[in-house]
Amino acid sequence: MKILISGYYGFENTGDDAVLECIIAGLREKGINDITVLSNTPGNTSSRYNVKSIYRNSFKEIFNAIKNTDILLSGGGSLIQDITSSRSLWYYLSIIFFGILLRKKVYIVGQGIGPLERKYNRLLSSFILRRVDLITVRDKDSMMFLKELNIEKNVILAADPVVDLAPCSDERLEEILRNEGINKGKYIVVCTREWGNNELSRVELAKAVDDISKKYNLEVVFLPFYYNKDDAESEKVANYLKSPYKIIKSKYEPKEILGIVKNCQLLIGVRLHSLVFALVSLVPFIGISYDPKIDGFLKSINLKSFKIDKFSSDELVNYAESILDNRDNFIDNLKIHLEELRKLSDNNFNVFDKSK
């Protein structure tokens, strides 16, 4: 069986790279090894994951790849939305539509669907998605959004594939921490990203991090999830810090990033997959939302969401104290939700048992 995977791959984004790694692992567990990935850097993707890969912007190659595949898999991530841009939405929808036109099985896997703010985009998405063979979504909000688009057939609740990611070895982690000059288990991780003109949010976040790190005697470590992009935003927040800090600028694999997260005392994250990594690691964390996908994830595990343009440092500090002073209870709650999500994640791949 031949599988062609479409998504936001080859951009050195840790979250999306982790999604791809887990999708490939899930397919291989089902005995599927003939895998091709659409990527921005095909050579790197091919060597990193031991798959075939083609350039994601060569529509001639894409059309031929769809023509020669058995199943087109679109996912995971947040591909069906127009907040980033309508152009990115049209790109992913066009690939799905090619698959439909060429009478291929089309599966949308582990995605967060929406929001779609423009009426034309809603109509176009509804028209195309109603014609795919299967949609698995990573949260209930995505299911509700599909229902608004009159799409209920062949829609299954699953989870973000990244809940199945495993960290790097302890030996490798110790090597990384030694090279970065970080004391194992004695640090707070901050994962931020650019979001409009949010100078006040940067000030409030820095003040909260200062207060938390001082009270619990923790180093401050900024951990960019988008290589060569998030470090700039980390610098902007760090400029307001009074505490010493470290910004990790080396490039690491998702499993290595997960290892760094696993050994922190607390994570404060704006990037969705930084929060997923914290859940997988059973590490206390605070989510700051710039997008409905953050709210959807936090809602799925019954945790509070702080809006990026509305939170105060005092709110973050109080919440951090309530978490860290009741650490065992918080982690017990995470364990329950992680187990539930891992069971749901199986729904992303169960269809391949029937496809053989």
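User: Leaving aside neighbours within four places in sequence, which residues is Asp230 in contact with?
Analyst: This is a predicted model. Asp230 lies in helix H9, residues 230–238. Leaving aside neighbours within four places in sequence, its contacts are Thr192, Arg193, Pro224, Phe225 and Arg271.

User: Is Asp230 buried or exposed?
Analyst: Buried means under 20% relative accessible area. The relative accessible area of Asp230 is 2%, so Asp230 is buried.

User: How does Arg118 count by relative accessibility, buried, partly exposed or exposed?
Analyst: Arg118 is placed in the loop between strand S5 (105–111) and H5. Residues between the buried cut-off of 20% and the exposed cut-off of 50% are partly exposed. Arg118 has 43% relative accessibility, so Arg118 counts as partly exposed.

User: Which residues does Arg118 touch, not counting residues up to four places away in sequence?
Analyst: Arg118 sits in the loop between strand S5 and H5. Not counting residues up to four places away in sequence, Arg118 touches Asp82 and Ser86.

User: What separates the C-alpha atoms of Arg118 and Glu315?
Analyst: Along the chain, Arg118 and Glu315 are 197 residues apart.

User: How are helices H4 and H5 oriented, roughly parallel or roughly antiparallel?
Analyst: The axes of H4 (residues 86–101) and H5 (residues 119–129) come within 10 Å and cross at roughly 20°. Angles under 35 degrees count as roughly parallel. Therefore H4 and H5 are roughly parallel.

User: What is the handedness of the H4 and H5 crossing, and how many nonpolar residues does the contact have?
Analyst: The crossing of H4 and H5 is left-handed. Among the residues that meet are Leu89, Trp90 and Phe97 in H4, and Tyr120, Leu124 and Ile128 in H5. By class, the contact of H4 with H5 has no charged residues, 3 polar and 11 nonpolar.

User: Where is Gly259 found, and how far from Leu173 is its C-alpha?
Analyst: Gly259 is found in helix H10, residues 254–262. At 2% relative accessibility, Gly259 counts as buried. Gly259 touches Pro167, Cys168 and Leu173, not counting residues up to four places away in sequence. Gly259 and Leu173 are 86 residues apart in sequence, yet C-alpha to C-alpha they are 6.1 Å apart.

User: How does H10 lie against H11, roughly parallel or roughly perpendicular?
Analyst: The axes of H10 and H11 come within 9 Å and cross at roughly 65°. Angles of 65 to 115 degrees count as roughly perpendicular. Therefore H10 is roughly perpendicular to H11.

User: Which residues of H11 make the contact with H10?
Analyst: The crossing of H10 and H11 is right-handed. From H10, the contact is made by Pro254, Ile257, Leu258, Val261 and Lys262. From H11, the residues are Phe277, Ala278, Val280 and Ser281.

User: How many residues of H11 are buried?
Analyst: The buried residues in H11 include Leu272, His273 and Phe277. H11 is largely enclosed by the rest of the structure, because the buried count is 10 of the 10 residues.

User: What covers the buried residues of H12?
Analyst: Helix H12 spans residues 292–300, and its buried residues are Ile294, Asp295, Gly296, Phe297 and Leu298. Their cover includes helix H6 (140–148), helix H11 (272–281), strand S12 (285–289) and strand S13 (305–307).

User: Which residue just after H12 takes a positive phi?
Analyst: At the start of H12, a side-chain oxygen of Asp291 reaches to within 2.8 Å of the backbone nitrogen of Lys293. Just after H12, a positive phi of about 60° is taken by Asn302.

Terms used:
Residues are numbered from 1 along each chain as its sequence is written. This is a predicted model: local features need pLDDT of at least 70, side-chain atom pairs count only at pLDDT 80 or more; totals for chains, interfaces and linings use all residues. Side-chain values use heavy atoms; hydrogens and water are left out. Axes are lines fitted to C-alpha atoms, for helices over the stretch in contact, and angles run from 0 to 180 degrees between N-to-C directions. Helices (H or I, at least four residues) and strands (E, at least two) are DSSP runs, numbered from the N terminus. Angles under 35 degrees count as roughly parallel, over 145 as roughly antiparallel, 65 to 115 as roughly perpendicular and the rest as oblique. A crossing is left-handed if the near helix is turned anticlockwise from the far one by less than a right angle, and right-handed if clockwise. Contact means heavy atoms within 4.5 Å. Ala, Val, Leu, Ile, Met, Phe, Trp, Tyr, Cys and Pro count as nonpolar, Asp, Glu, Lys and Arg as charged, and the others, Gly among them, as polar. Buried means under 20% relative accessible area, exposed over 50%, partly exposed in between (1.4 Å probe, protein chains only). A polar contact is a pair of N or O atoms within 3.5 Å; within protein, one must be able to donate a hydrogen and the other to accept it, and residues adjacent in sequence count only if both atoms are side-chain atoms.
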